[in-house]
Amino acid sequence: MKKQLCFYLTLLFTCLTAAQVPVKVAKYDLPKKRLLLQLCSTYLYNANQGAIDVDSSVVLAATAYKLPLMLAYDEGFNEESLIGSDLIEKGNIDKAKKLLTNSKGEDRIKVLLQLGSFYLFKPGVKPEHLEKAKLYIENAAAESNTLKIAKWQHQSLLLLGKYYFQANNQSESQKCFAQVINECRKNNGKLGLAQSLEAQADVLSNLDPEKEKMLNEVMSIYAALGLEEKRIENYSKITTIYFWTGKMMEAKKRLYQSLIDLRKIGFEHQQFAETTITFLEVEQHNMKSALYYALKSVKRMEREKDYTFAEIFYMRLGDVYNLYGHNLEALQLYEKSIEIAKNNINSGNWYKGFFGAVAALALKGQTKEALAYINSMTAKYPPKITFDKMSVAFIKANCYEALEKNIEAEKYFKEMDFYAKQLNAPETIREVAHQYTMMALFYIKTNRPAAAQLYTDKVLAYLKGNNTVSNSENLKMLLYKTDSIKGNYKESLRHFQDYKKISDSVHGITKNQQIEELKIEYETLNKEQKIKLLGEQSKFQESELQKSKLLNNVSIGSLILLLIIIGLLFNRYRLKQKNHAKLEIKEREINQKNINLRHLLDEKEWLLKEVHHRVKNNLQTVISLLSSQAAYLNNDMALSAIKNSQHRIHSMSLIHQKLYKSDNIATINMPIYITDLVEYLKESFSIGQRIRFEIKVDELELDVAQAIPLGLILNEAITNSIKYAFPDNGVGVVGVVLEKTETDRYLLVISDNGIGIDTNLKDHKTDSFGMSLIKGLSEDLEGEFVIENNKGTVLKLEFKPEHPLNKKYVKKPDLNSED
């Protein structure tokens, strides 16, 4: 099973496919649309591990989210007056070319740059496309030089630098970038400098140290210019560098920071960072964090019905379930991922759902079924790219090895080797190295040390040639075994120690060491005690000889004394038996009384629950009666009064509903109650997305006597904010905070950023029912009530909590249950 687990870990690749239903991104401004396109395409490119080029990943992202493809390439020359953009986006290239004949000056340069970008960034590098791109870019450069406009000269040179890079003329490419960078530095053109440095960094390898330096400078410039979306985009590029250079902890820290930055700018598409965090946490066996972010992505996707790239998130959750041992649930998620992927745009890398399903079956001990599954799926959907062909062969080899069919296993290991030789992308280094490692371990297992050494050397040479360090558990095991076979026991021991450090948790090792230390200490002390005892016995025997006469004299006296003691002990034993019998009778009586009291307590709890249930139903009846009465009223004030009364009654009804559904009949869980109350008020007033609620409630439970007035205060304050804080259907934020202060009191703060309220209560309707109700309820709570005007209305209530005697720990109620 351990080997099957190792086999499964190799299948934890980053996954991808195209969208099922494109997300509505119309609400994003242009910078956020560019950020979405860049983050998504970068993720897809890295996920494919060299199987597709950068431009193909951009096409997939743009298609999935229905964004203009040129958004990824025309940042330096995209303006509102950009002519010909619609024609090029729709593929009407001939009409765009005809537009050139009627364009002059800057408009002509813009069309030339767009046409150059169109041909330069088409998926796949074809000579005819490059030639057309060069023609349009050079014409744009010539027109720019004629007009002597620095902006268009720089944009033409940057695009020309990208052309030379794709044409494998690195020296000319660097010259173009360097010219623009030097001119921008000389003229102190901050934005132009950031764009030119970013353009040069984009064409450099992730293994080039200069790339990180350039991107750091780009980030600082964009931050100074206040272009937060661009800063975040380049921050993610450095994160990608850390990921592919093996700095996993740094990459993970930056991903967490990226989530914070994206939330600050209101960017909702955080799933690409979250699924990468899940991948890293799985590799580091931080399963709690991995499960959190995997579930977070799936829940948000299902809640918002945004199934773009849904197969990624279902498969990632399946990975986590597999490692938790929930293989059946994992298999269901993999099958769901596969079904979604088959019906979407072919991204070229949706095969990995098969690998996860095979892993789930293998971990369940169904190796034969796993082998049959991969055979049937590959027959129906043959792998098309080299990486998938290599992985399929590797999976089959592992399955046959687990079934102890070594001839078939070796056949597929060699097939895996055939495809691995064709892969040279840096994104595939770890997977190829791992598969060669497992192949070498197979040869050790089958007693073929020469073959094992051959592939061990290949692994080490492969890692060294790609400047990659691996701390793989399996690699350390391989080096330990190969050195042991060669008789190099010193190195073998070192590698075995490294292997143990990786495979054992720190706590497990420490615990084992403590046990061993205690065993050694105990055995040493035991031996010392035995030696000391033997010496004392020797001395004792000598003294016994000397005292033998004395013992004979006192033996009769001792015998008499012994008989007396035995008589006393027997008498004590009889008394003890009698007392024990009395205690048993008493204990049975007490136990019976406890049982009776327990029954009475249970009956009391059920009666209280029934009371709460009936109170809740009666309050609901009152609400219904008020609704019926409202249907016959035409007076707006009367209707408003009835509506307010319904809200107040609902806040009380909700408390009784929580009580009869909970195991705890004395207290109310405030985070759940306040959240439900706010959701009810949002639905009642039909505010949609106009007003956003920010709720921060500590894990507090209040007595019913305090929860009811507090709920009424919340109802009045939030209702007032919704109705009066944002006139003319304005937008805003309402905040609700309930927390415990340092003085062991509770503080309730209800605020909004609306038009505010005059805090001089003398000028207000102090006799208004709502305000009177809030003040009266605050007095009932013996709390300190304050109303402020601080960029909106702020209500504060500080009160001392009550702690009922029968409060007990209970599990959270099921929020999905219905009456």
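Which residue forms a salt bridge with lysine 740, and how far apart are the closest N and O atoms? Keep that in mind as you browse these close-ups of a predicted model.

**View 1. Lysine 740 and its partner.** The partner is aspartate 744, with 3.8 Å between the closest N and O atoms. Lysine 740 has a relative accessible area of 45%, so it counts as partly exposed.

View 2. Glutamate 281 belongs to helix α14 (residues 271-283) and lysine 252 to helix α13 (residues 248-264), so their pairing ties together parts that are 29 residues apart in sequence. Both glutamate 281 and lysine 252 are buried.

View 3. Lysine 414 and glutamate 410 sit four residues apart in helix α21 (residues 406-420), about one turn of the helix. Their side chains form a salt bridge of 3.7 Å, N to O. Lysine 414 is partly exposed, at 47% relative accessibility, whereas glutamate 410 is buried, at 16%.

**View 4. The largest nonpolar core.** This core has 57 residues, and among those touching the most other members are Leu115, Leu120, Ile137 and Tyr163. Helix α6 (residues 105-120) supplies its largest share, eight residues. Leaving aside residues up to four places away in sequence, tyrosine 163 touches Leu120, Leu130, Glu131, Lys134 and Ile137.

Conventions:
Residues are numbered from 1 along each chain as its sequence is written. This is a predicted model: local features need pLDDT of at least 70, side-chain atom pairs count only at pLDDT 80 or more; totals for chains, interfaces and linings use all residues. Side-chain values use heavy atoms; hydrogens and water are left out. A nonpolar core is a set of buried Ala, Val, Leu, Ile, Met, Phe, Trp, Tyr and Cys residues joined through side-chain atoms within 4.5 Å. Buried means under 20% relative accessible area, exposed over 50%, partly exposed in between (1.4 Å probe, protein chains only). Helices (H or I, at least four residues) and strands (E, at least two) are DSSP runs, numbered from the N terminus. Contact means heavy atoms within 4.5 Å. A salt bridge is a side-chain nitrogen of Lys or Arg within 4 Å of a carboxyl oxygen of Asp or Glu.
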